[in-house]
Amino acid sequence: MEQYHAEMLAVSLAGHDKGKCYVVLGQENGFFLLSDGKYKPLERPKKKNQKHVQLIRHLPQEIAGKMDRISQDADVKEVLKLYRRRSDASQEDCE
């Protein structure tokens with residue numbers, strides 16, 4: 001099973017997915033490779049222009065720890081679910 005290296009989360013700032021959270025899997029020629037674990041799985045990540053994404057670099061320790069062990073789509077969904085729960089408490093935007 002392939003281990004993915006994910007360091008950050010990102011929120012889409014433009015497009016039909018505006019406000020949606022993703023896990024950042026990497027960078028490629030001015031684009032971020034993003035996964036949500038459902039519509040954009042790890043095998044087919046979304047390519048989104050870096051200008052249209054807001055990175056979330058400072059993550060709670062429990063979420064950052066889980067990001068190191070992403071190997072399947074269920075792991076991505078779990079990380080995003082934990083982040084949404086946390087951000088609901090602090091009133092941040094992330095669908």
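**A tour of the sheet, strand by strand**

Begin by selecting Ser 12, which stands opposite Val 53 in strand 5, where strands, like helices, are DSSP runs numbered from the N terminus (strands are E, at least two residues; helices are H or I, at least four). What you have open is a predicted model, in which local features need pLDDT of at least 70 and side-chain atom pairs count only at pLDDT 80 or more, while totals for chains, interfaces and linings use all residues. Residues are numbered from 1 along each chain as its sequence is written, and side-chain values use heavy atoms, with hydrogens and water left out.

Colour the model by pLDDT, the predictor's confidence in each residue, from 0 to 100. The protein averages 86, and 87% of the residues score at least 70.

Next, show the whole sheet, which is open and is formed by five strands in the order 4-3-2-1-5, with antiparallel pairing; two strands are said to pair if DSSP finds at least two bridges between them. Strand 4 and strand 5 (53-56) stand at the edges with a single partner strand each, so one side of each is left without a neighbour in the sheet. From one strand to the next the twist averages 45 degrees, taken between N-to-C directions on a scale from 0 to 180 degrees, with axes fitted as lines to C-alpha atoms.

Now walk across the sheet from strand 5, which four bridges join to strand 1 in an antiparallel arrangement. Strand 2 in turn pairs with strand 3 (residues 31-35) in the antiparallel sense over five bridges, with Gly 26 and Leu 33 as bridge partners. In the hairpin of these two strands, which has two residues between them, look at Asn 29, whose phi is positive, near 50 degrees.

Finish at Ser 35 in strand 3. Is Ser 35 buried or exposed? Its relative accessible area is 0%, so Ser 35 is buried (under 20%; exposed is over 50% and partly exposed in between, with a 1.4 Å probe and protein chains only). A polar atom of the Ser 35 side chain lies 2.8 Å from the backbone oxygen of Lys 40. Not counting residues up to four places away in sequence, Ser 35 touches residues including Tyr 22, Val 23, Pro 41, Asp 73 and Leu 80, where contact means heavy atoms within 4.5 Å.

Note on methods
A polar contact is a pair of N or O atoms within 3.5 Å; within protein, one must be able to donate a hydrogen and the other to accept it, and residues adjacent in sequence count only if both atoms are side-chain atoms.
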